[in-house]
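Subject: The structure for you to look through

Dear colleague,

I am passing on the structure that we spoke about, and I would be glad if you kept it open while you read the notes below it.

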Amino acid sequence: MAKILRIYPENPQENLINEVIKCLNNGGLIIYPSDTIYALGCNIFDIKAMEKLAQIKKMKLEKAQFSIICNDLSHLSDFTRPIDTSVFRFLKSHLPGPFTFILDANKSVPLAYKGHKTIGIRVPDHPIPQLIVEKLGHPIASTSIKDDDEIIEYSTDPELIAEKYDHLVDIVIDSGYGDNVASTIVDLTSGEPELIRQGKGII
C-alpha cells in the first residue's frame, strides 16, 4: 500500500522530504505535485524503478520518453549535448516554469535513456520537486498521471490518485488539489523553439 505524506509547498517538513529521498534511493516510486499536474517519479539511475515506471505506463522502457526533473539548469551538461548561448538564455528566461524542453541527449545519459537521441528537461516552479531533487543530489525521472475521465485529462485530486495507484507506488505526496493542464513541450534541438504541445506555459 502506498504511504500518503501530506507535504505542503508553504512549509515542506524536512523529515517527510527525507522519507521521500530514502524511498527513491531504495528503488521506490513516488507521486508528487508540480507547477502543472501530479506526476509519477523515480530515481533516474535505478533501472528496476525505471522499468516499474514503464510498466505502469504500459510501455517498454526503451520506448518510454520520461522527462528529467531538475531543480535548476546545473544538471544540463550531465544529460545534453553542449548548447548554444542563445538556447541557454532562452531556457534561463523560461525556467523554473511549466515547460518541458526537448534537447539533444549526450552519451553519458543514465542506462534507461541509452539510445535516445533527445531528452526532455523540466525545472518545475514548485518547491517540493525542487527540494526532492536538491536533497537527492540528482534529477528524477517523471511522467504525467492521466485520468480515465474523457473530459478531465489529468487527475487533480491526490486522494483519488492515491486510491488508483495504491498498489503501484510507494509514496503519494498530498499537496492539495493539482492543476489539470500539463506542461508546454518545446523542441529546441534545431536551436529555434518549436512548439510540440501547448500546455500551461506561454512562449
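Where does Asp170 lie? Asp170 is placed in the loop between α6 and β8 (171-174), where helices (H or I, at least four residues) and strands (E, at least two) are runs assigned by DSSP and numbered from the N terminus.

Before going further, please keep in mind that this is a predicted model, in which local features need pLDDT of at least 70 and side-chain atom pairs count only at pLDDT 80 or more, while totals for chains, interfaces and linings use all residues. Residues are numbered from 1 along each chain as its sequence is written, and side-chain values use heavy atoms, with hydrogens and water left out.

To stay with Asp170 for a moment, this residue is partly exposed, because its relative accessible area is 37%; the words used here are buried for under 20% relative accessible area, exposed for over 50%, and partly exposed for what falls in between, with a 1.4 Å probe and protein chains only. Setting aside neighbours within four places in sequence, Asp170 is in contact with Met1, Ala2, Lys3, Cys23, Gly28 and Leu29, contact meaning heavy atoms within 4.5 Å. Asp170 and Leu5 are 165 residues apart along the chain, and 11 Å separates their C-alpha atoms.

Next come the nonpolar cores. A nonpolar core is a set of buried Ala, Val, Leu, Ile, Met, Phe, Trp, Tyr and Cys residues joined through side-chain atoms within 4.5 Å. In soluble globular proteins, nonpolar side chains tend to be buried together. The largest core here has 43 residues, and those that touch the most other members are Ile31, Phe66, Leu91, Tyr113 and Val169. Among the elements that each supply at least two residues of this core are β2 (29-32), β3 (39-43), α4 (85-94) and α6 (158-164), while α2 gives the most, with five residues. As for Ile31, its contacts beyond four places in sequence include Tyr38, Leu40, Ile161, Val169 and Ile173.

The pocket holds about 530 Å³ of space, and of its 28 lining residues the closest to the centre are Gln65, Ser67, Ser144, Ile185 and Arg197. A pocket is found on a 1 Å grid over the protein atoms alone, as an open set of points where a 1.4 Å probe fits, with protein on both sides within 12 Å along at least five of seven lines, and lining residues have an atom within 4 Å of a point. Grid points are joined across faces, edges and corners, and the volume is the space filled by probe spheres set on the points. At least two lining residues come from each of β4 (67-69), β5 (99-104), β6 (118-122) and β7 (140-144), and β6 makes the largest contribution, with four.

A search of the whole structure finds zero disulfides. Cys23 counts as buried because its relative accessibility is 12%, and Cys42 counts as buried at 0%.

Finally, a few single residues deserve a look. The peptide bond from Leu95 to Pro96 is cis, with omega near 0°, and Pro96 sits in the loop between α4 and β5. Lys58, in the loop between α2 and β4, has a phi near 55°, a positive value in a residue other than glycine, and Lys58 is exposed, with a relative accessible area of 75%. Ile128 belongs to helix α5 (residues 127-136) and is buried, at 0% relative accessibility; Ile128 and Pro12 are 116 residues apart in sequence, yet their C-alpha atoms are 7.0 Å apart in space.

With best wishes

Note on methods: A disulfide is a pair of cysteine sulfur atoms within 2.5 Å.
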